[in-house]
Amino acid sequence: MNESFIDLADVTVRFGGADNPQATLALDRTNLRIAQGDFVALVGPSGCGKSTILKLVGGLLSPSSGGVIVNSREVGGPARPRIGLAFQNPTMLPWLTIRDNIMMPLKIVEPFRQHYRAKKKGEYAARADALLAQVGLSGLGDKRPWQLSGGMLQRASLCRALIHEPQLLLLDEPFGALDQFTREELWAILQTLWLEQKPTVLLVTHDLREAAYLANRICVMSARPGRILEERHVDFARPRSIELSYAPECAELVQALRMRIAEARSDMASGAVPTLPVKPVPSIDIVKEAA
Amino acid sequence: MKLALTTRQRQRMLSAFAIVAMFVIWELICVAFNISGLVLPRPSAVFAVLFEKMPLLWPHAVQTLYTTVTGFALGVLAGILIGLVIGSSRFAYDVAYPLLVGFSSIPKVAVVPIFVVWFGAGTVPAVLTSMVICMFPVVVNVATGLAHTEPELQDVLKVLGARKLDVLWNVGLPRALPYLFASLKIAITLAFVGTVLSETVAANKGIGNVMMIASGNFDVPLVFAGLFILAAMGVALYVVSSMIEQRVTGWATRGNEVVIT
Ligand SMILES: Nc1ncnc2c1ncn2[C@@H]1O[C@H](COP(=O)(O)OP(=O)(O)OP(=O)(O)O)[C@@H](O)[C@H]1O
Ligand SMILES: [Mg+2]
């Protein structure tokens with residue numbers, strides 16, 4: 001595919017005003033292209049601007065300079081693509097049932113919006129229940145958010161991000177607060193849902209194994225101001241099994257990514273400009289990381 | 001026989017007992033120190049007057065209740081509207097807040113003469129006073145409730161292309177409801193204060209007016225009878241509004257949602 005679905009061209013984001021010397025330069029002439037239907041993971045040191053990229057693509061933030069194109073249109077225009085969004089924090093509304101929470105996008109997004117009153121009891125509710133079943137929450141649609149555990153809420157939040165069949169799915173550390181087993185189960189579920197609906201996915205994560213298991217492509221970012229340092233294509237066959245994420249070839253990939261981020265971090269610590277860094281001896285880096 | 005009482009029942013019984021005990025102690029003090037009925041009438045005397053003069057007091061009680069409820073309704077309505085405007089944008093909030101603080105710190109006694117000049121003595125200034133006095137807690141609570149929507153949730157909705165009105169209707173308003181109801185309990189009590197204040201200054205009807213005339217005649221038991229009626233009505237309306245609150249915003253008291261009162 002030549003035409004990219006998402007195209008960030010020389011995007012700069014400065015928080016705190018253009019002429020403010022105290023302003024934070026979050027992104028500096030960053031470039032990123034993502035093809036339609038691709039699954040891209042964004043990794044990098046904390047505070048490097050991963051969430052900022054996500055917000056740019058979602059149209060929640062305008063760049064200080066540069067262009068953000070999604071679906072061949074400038075972001076922020078009237079005709080926006082259908083987007084689903086999920087954060088680490090599930091943010092369910094406590095006065096609605098889980099099912100009504102999940103159906104919220106259908107209440108807002110066209111063309112579902114105009115049929116919401118007519119279909120909320122029938123077709124839409126059935127769709128919500130089917131999704132709930134897929135994430136392992138069948139029969140819990142009538143519960144209230146406070147009656148569910150954190151992991152269950154996160155599953156529901158994933159349903160809410162997917163119910164309107166978005167063209168673009170934006171995930172910001174969605175599994176960050178979960179235990180290992182739930183997390184791996186949700187990876188598998190997310191992979192299945194992606195294989196079915198084929199939305200373009202941009203996943204921000206701190207878990208490198210998560211990135212290696214889920215993504216087609218992994219982008220490693222430098223320390224702030226963030227730039228894409230390196231891109232890795234992940235060619236493991238689909239559907240991938242959880243065992244794969246423990247296999248040597250995956251471990252190798254994770255190790256390589258880890259090293260790259262450690263480098264980016266040490267640049268930050270030494271205050272160096274994050275252009276192409278001199279490669280330090282890996283073993284020293286690992287010792288430093290472990291200490 | 002063993003009495004099995006829930007904590008709630010026990011608490012209610014103790015509350016009732018405390019009220020009765022207060023009257024008993026009051027009565028005993030009056031008898032023991034031989035206090036004149038012109039200074040502090042015994043509760044039994046007050047109840048006797050209350051019973052005896054009920055046909056006379058009743059229309060005044062109805063008048064006061066009517067004035068209070070009307071003022072309360074208008075005040076809450078105005079409070080919700082102003083609160084919505086102020087709370088729905090950060091900018092409006094910052095601009096209007098000093099103005100609001102200025103208005104709410106005016107002693108409300110001072111507005112009664114102004115209303116009397118504008119509308120003459122009677123029901124209208126009383127309604128307006130109670131409206132003005134009970135409006136501010138509603139405004140502040142609604143605005144605060146609206147301002148409390150989590151930024152992440154707003155992002156989830158904005159990404160869907162939600163309009164400002166969508167966010168207000170689906171998230172802002174329900175989120176503000178517990179704050180609104182918490183303020184209603186305060187507002188209803190304040191509405192009474194406003195009504196009686198205005199009635200004592202400029203009216204020819206209402207419990208406030210009765211108490212004013214009675215105190216001019218040194219009919220102290222009648223003054224206290226008026227006080228009892230006000231207390232009873234105040235408690236009744238408080239109970240009604242907190243019952244409605246329980247029904248409408250039960251979700252806010254469950255889970256770890258915290259409501260600020
Ligand atoms: N609204 C804001 N105002 C000012 N500075 C901001 C704002 N949002 C982000 N920043 C700054 O921009 C930089 C990038 O933030 P961002 O949230 O994108 O980081 P991140 O890569 O998502 O970090 P993490 O992995 O810790 O979530 C940070 O240094 C942060 O302090
Ligand atoms: Mg982040």
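A: Two strands count as paired if DSSP finds at least two bridges between them. Strands (E, at least two residues) and helices (H or I, at least four) are DSSP runs, numbered from the N terminus. This is a predicted model, where local features need pLDDT of at least 70, side-chain atom pairs count only at pLDDT 80 or more, and totals for chains, interfaces and linings use all residues, while side-chain values use heavy atoms, without hydrogens and water. Residues are numbered from 1 along each chain as its sequence is written, and chains are lettered from A and ligands numbered from 1 in the order in which they are written.

Q: Which residue does A:Val220 stand opposite in strand 10 of chain A?
A: That's A:Glu230.

Q: And how many strands are in that sheet, and in what order?
A: Six, in an open sheet ordered 6-7-8-3-9-10 in chain A, with mixed pairing. Strand 6 (83–86) and strand 10 (228–233) of chain A each have a single partner strand, so they are the edges, and one side of each has no neighbour in the sheet. From one strand to the next, the twist averages 15°.

Q: What else is in the loop between strand 9 and strand 10 of chain A?
A: A:Pro225 is found there. Another cis bond runs from A:Glu110 to A:Pro111, with omega near 5°. A:Pro111 lies in the loop between helix 3 (104–108) and helix 4 (116–119) of chain A.

Q: Why point those out?
A: Because most peptide bonds are trans, and most residues other than glycine have a negative phi. On the phi side, A:Glu173 is not a glycine, yet its phi is positive, about 45°. A:Glu173 sits in the loop between strand 7 and helix 7 (180–197) of chain A. Over in chain B, B:Asn34 also has a positive phi, near 55°, and belongs to the loop between helix 1 (7–32) and helix 2 (43–52) of chain B.

Q: Back to sheets. What's the strand order in the open sheet of four strands?
A: The order is 2-1-4-5 in chain A, with antiparallel pairing. Strand 2 and strand 5 (73–74) of chain A are at the edges with a single partner strand each, so one side of each lacks a neighbour in the sheet. Strand 4 and strand 5 of chain A run antiparallel and share two bridges, and A:Ile69 stands opposite A:Glu74 in strand 5 of chain A. Helix 1 (residues 50–57) of chain A packs on this sheet, touching strand 1, strand 2 and strand 4 of chain A (contact means heavy atoms within 4.5 Å), and its direction makes about 120° with strand 1 of chain A. Axes are lines fitted to C-alpha atoms, for helices over the stretch in contact, and angles run from 0 to 180 degrees between N-to-C directions.

Q: How many bridges join strand 1 of chain A to strand 2 of chain A?
A: Eight join strand 1 (residues 4–15) to strand 2 (residues 24–35) of chain A, antiparallel again. For instance, A:Leu8 has A:Leu32 as its bridge partner in strand 2 of chain A. Strand 1 and strand 4 (residues 65–70) of chain A, also antiparallel, are joined by five bridges, and A:Ala9 stands opposite A:Gly67 in strand 4 of chain A.

Q: Now chain B. At what angle do the axes of helix 3 and helix 10 of chain B cross?
A: Roughly 40°, and the axes of helix 3 (residues 54–87) and helix 10 (residues 220–248) of chain B come within 11 Å. That makes the two helices of chain B oblique to each other (angles under 35 degrees count as roughly parallel, over 145 as roughly antiparallel, 65 to 115 as roughly perpendicular and the rest as oblique).

Q: Which residues meet there?
A: In helix 3 of chain B they include B:Leu57, B:Ala61 and B:Thr64, and in helix 10 of chain B they include B:Leu222, B:Ala225 and B:Met233. The contact residues divide into 10 nonpolar, one polar and no charged (Ala, Val, Leu, Ile, Met, Phe, Trp, Tyr, Cys and Pro count as nonpolar, Asp, Glu, Lys and Arg as charged, and the others, Gly among them, as polar).

Q: Where in chain B is confidence lowest?
A: In helix 11 (residues 250–253) of chain B, at a mean of 65, while helix 3 of chain B is highest at 91. Residues 255–261 of chain B have pLDDT below 50 (pLDDT is the predictor's confidence in each residue, from 0 to 100). Where pLDDT is low, the predicted coordinates should not be read in detail.
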